[in-house]
Amino acid sequence: MKNEIRHTAHSTYICEYHIVFAPKYRRKVIYKELKQDVGTILRKICNELKVEIIEAEACPEHIHMLVSIPLYMSV
């Protein structure tokens, strides 16, 4: 959930990051089947690392992700 306050034993935090992935020279390669494959891979990685995807969008030349990352993890 967006703007959700999270708690650990000694802290309270909201860590949300806007991450943009872009291929070299912003080539327009993210479409159709590749778009679905990239989305599947990113969801799988986020689930394994316990990173919550708040919003995500794939454009032809880049991918936007708004994620909530646990406090103990670096970007």
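Which strands do the buried residues of H1 pack against? They pack against E3, E4 and E5. The legends below cover close-up views of a predicted model.

**Figure 1. Helix H1 and its buried face.** Helix H1 takes in residues 32-49. Its 18 residues should span 26 Å at 1.5 Å a residue, and the end C-alpha atoms are 26 Å apart, which agrees. The buried residues of the helix are Gly 39, Leu 42 and Cys 46. Viewed along the axis of H1, these buried residues fall within an arc of 70 degrees, so they line one face of the helix. An α-helix has 3.6 residues a turn, so residues three or four places apart point the same way. The buried residues of H1 pack against strands E3, E4 and E5.

**Figure 2. The exposed side of H1 and the residue that follows.** Glu 33, Gln 36, Ile 41, Lys 44, Asn 47 and Glu 48 are exposed on the other side of H1. Lys 50 follows the helix. The phi of Lys 50 is positive, near 60 degrees.

**Figure 3. The three-stranded sheet.** The sheet is open, with 3 strands in the order E3-E5-E4. Pairing is antiparallel. Strands E3 (16-21) and E4 form the edges, each pairing on one side only. From one strand to the next, the twist averages 15 degrees. E3 and E5 run antiparallel and are joined by 6 bridges. Ile 19 has Met 65 in E5 as its bridge partner.

**Figure 4. Ser 68 in strand E5.** Strand E5 covers residues 63-68, and Ser 68 lies in it. Ser 68 counts as buried because its relative accessibility is 7%, below the 20% cut-off. Its side chain makes a polar contact of 3.3 Å with the side chain of Arg 6. Neighbours within four places in sequence aside, Ser 68 is in contact with Arg 6, Cys 15, Glu 16, Val 51, Glu 52 and Ile 54.

**Figure 5. Cys 59 in the loop between E4 and E5.** Cys 59 is found in the loop between strand E4 (52-58) and E5. Beyond its neighbours within four places in sequence, Cys 59 is in contact with Ile 30 and His 64. Lys 35 is 24 residues from Cys 59 along the chain. The C-alpha atoms of Cys 59 and Lys 35 are separated by 8.7 Å.

Technical notes: Residues numbered from 1 in each chain as written. Predicted model: local features only at pLDDT ≥ 70, side-chain atom pairs only at ≥ 80, totals over all residues. Heavy atoms only, no water. Helix = DSSP H or I, 4+ residues; strand = E, 2+ residues; numbered from the N terminus. Buried < 20%, exposed > 50% of the residue type's maximum accessible area, 1.4 Å probe, protein only. Polar contact = N/O pair within 3.5 Å; in protein donor to acceptor, adjacent residues only side chain to side chain. Contact = heavy atoms within 4.5 Å. Pairing = 2+ DSSP bridges. Axes fitted to C-alpha atoms, helices over the stretch in contact; angles between N-to-C directions. Expected span 1.5 Å × (residues − 1). Arc of directions from axis to C-beta.
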